[in-house]
Amino acid sequence: MSHRQITAATRLNEVRYEIRGELARRALEMEQQGQSIIKLNIGNPGLFGFEAPAHLRAAIAHNLERSDPYCHQQGLAAAREAIAMREIARGAPNAGPDTVFVGNGVSELIDLALRGLLNPGDEVLVPSPDYPLWTASVILNGGVVQHYPCHVGNGFLPDPDEIESRITARTRALVVINPNNPTGAVYPRELLQKLADIAARHRLVLMVDEIYDGVLFGETPYTPMAPLASETLCITFSGLSKVHRACGWRVGWMSLSGYLKRAQEYRHALDLLAALRLCSNVTAQWAIEPALHGPDTISALTGAGGRLQRTRQAVIDGVARSSFLDLVVPHGALYAFPRVDTTLLPGFDDHRFALDLLEHEQVLLVPGSSFNVPYRTHFRLTLLPQAEIMDEVFVRMERALDRASHAAHRAVA
Ligand SMILES: Cc1ncc(COP(=O)(O)O)c(C=O)c1O
């Protein structure tokens with residue numbers, strides 16, 4: 001009998017998702033051995049005591065009996081109507097329920113949107129750092145990723161000229177993540193307009209991941225992209241996972257707007273791909289309409305005195321107290337992306353640090369290089385724990401950084 005290994009598809013060689021990778025596996029192992037780990041690697045609100053709003057749960061319970069059949073491949077009519085109404089109210093040109101697709105989370109739709117668009121070798125502009133599913137999905141669908149940098153010195157905002165300089169005859173789409181994971185940047189309107197204009201000029205599909213569109217900390221006004229993009233196809237992605245704290249329900253959507261006339265063939269491709277997977281989870285789709293038409297439940301968490309605001313402040317204070325860290329203050333989303341000062345810690349390596357922190361301080365975070373950046377000086381932590389826990393995390397991190405600093409100086413001496 002042959003013992004040859006079953007090999008995996010070679011296209012997976014380049015695909016990574018370290019948020020749930022080696023370090024997370026090691027953390028689980030340590031938990032199974034009885035250790036208590038502070039896990040800051042995933043933006044999973046339900047794990048930190050947040051609950052989905054009661055009226056959304058009630059809507060699901062109320063409609064449970066109507067959830068047995070498959071629904072239309074694009075999603076329940078009432079849900080699509082509510083999503084389209086919101087897009088139209090925001091000013092998204094040509095948005096409507098016929099061009100809304102509901103999926104099992106935005107994750108499924110990112111894959112579907114790219115699968116319907118890309119031929120082998122087609123290029124997609126993706127931010128660096130990015131939410132790594134975007135890079136992975138481009139690769140898995142035969143595309144080539146062109147990362148455009150969002151420099152720390154520019155508050156992690158992209159430079160439109162740098163983006164434009166990376167466009168080739170093969171470029172098909174421009175991905176924008178706003179508010180941004182992992183950096184917390186919220187893009188100003190003028191910048192978004194420039195990005196929309198670039199997409200229009202080069203006939204790129206704008207893929208705008210706005211899953212954190214309500215998670216905002218006040219200073220920067222939020223501008224949705226769709227109303228700024230009438231001259232090209234704009235796909236807006238959002239869902240219930242973050243703003244409505246229901247990521248386990250797996251509800252996301254994408255809404256097509258802008259120059260739809262040019263997108264008929266692609267729109268049919270998306271419909272076909274949606275039909276091939278029949279439909280997304282029907283049960284949880286009943287929550288979409290009340291989520292979009294019901295009361296705002298996120299501002300109390302992100303506004304003054306709110307739990308997310310307090311934890312964000314604990315991060316800002318923790319960085320200010322640290323001898324080794326600095327931070328571009330996050331204005332939105334659920335993360336902070338601090339940097340280690342390598343003049344004080346020469347040879348710092350984000351992976352080595354994350355492993356040391358896990359093994360010796362029982363804190364799990366994600367090394368910055370997991371977000372497709374060429375440097376190894378940052379790390380990401382989620383703002384979801386209570387502020388007091390974040391204070392404790394910064395005490396432990398400083399201890400680990402102090403140790404690294406002593407080791408570095410011993411090595412030099
Ligand atoms: C920027 C971004 N896009 C998409 C997703 C996926 O969300 P969903 O739960 O809707 O699949 C996440 C999840 O963390 C995210 O951070």
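Guide: The account below begins with the ligand and then turns to the loops and helices around it and elsewhere in the chain. The model is a predicted one.

The ligand sits in the largest pocket. There are 13 residues around the ligand, and those that come nearest are Val 106, Ser 107, Asp 209, Tyr 212 and Ser 241. By class, this shell comprises six nonpolar, four polar and three charged residues. Helix H4, which spans residues 105-117, supplies the largest share of the shell, namely three residues.

An N or O atom in the side chain of Asp 209 is 2.6 Å from a nitrogen atom of the ligand. An oxygen atom of the ligand lies 2.7 Å from a polar side-chain atom of Asn 181. For Arg 250, an N or O atom of the side chain is 2.7 Å from an oxygen atom of the ligand. On its own the ligand has 400 Å² of accessible area, of which the protein covers 94%.

Asn 181 is joined to Pro 182 by a cis peptide bond, with omega about 15°. Pro 182 belongs to the loop between E5 and H7. Asn 180 is in the loop between strand E5 (171-177) and helix H7 (189-201). Asn 180 has a relative accessibility of 1% and therefore counts as buried, since the limit for that class is under 20%. The side chain of Asn 180 reaches the backbone oxygen of Ile 177 at 3.2 Å.

Arg 250, for its part, has a positive phi of about 60° although it is not a glycine. This residue is found in the loop between strand E7 (233-239) and strand E8 (252-258). With a relative accessible area of 31%, Arg 250 is partly exposed.

The peptide bond from Ser 128 to Pro 129 is cis, with omega near 5°, and Pro 129 is located in the loop between strand E3 (123-128) and H5. Helix H5 (residues 133-140) contains Ser 137, which is buried at a relative accessible area of 2%. Between Ser 137 and Ala 113 the C-alpha to C-alpha distance is 9.6 Å, with 24 residues separating them in sequence. Asn 372, a residue other than glycine, has a positive phi near 60°. Asn 372 is in the loop between strand E13 (366-367) and strand E14 (379-382), and its relative accessible area of 16% makes it buried.

Key. Residues are numbered from 1 along each chain as its sequence is written. This is a predicted model: local features need pLDDT of at least 70, side-chain atom pairs count only at pLDDT 80 or more; totals for chains, interfaces and linings use all residues. Side-chain values use heavy atoms; hydrogens and water are left out. A residue is near a molecule or strand if one of its heavy atoms lies within 4 Å of it. A polar contact is a pair of N or O atoms within 3.5 Å; within protein, one must be able to donate a hydrogen and the other to accept it, and residues adjacent in sequence count only if both atoms are side-chain atoms. Accessible areas come from the Shrake-Rupley method with a 1.4 Å probe; for residues, only the protein chains shown count as cover. On a 1 Å grid over the protein atoms alone, a cavity is a set of points where a 1.4 Å probe fits but cannot get out, and a pocket is an open set with protein on both sides within 12 Å along at least five of seven lines; lining residues have an atom within 4 Å of a point. A molecule sits in a cavity or pocket if more than half of its atoms lie within 2 Å of its grid points. Helices (H or I, at least four residues) and strands (E, at least two) are DSSP runs, numbered from the N terminus. Ala, Val, Leu, Ile, Met, Phe, Trp, Tyr, Cys and Pro count as nonpolar, Asp, Glu, Lys and Arg as charged, and the others, Gly among them, as polar. Buried means under 20% relative accessible area, exposed over 50%, partly exposed in between (1.4 Å probe, protein chains only).
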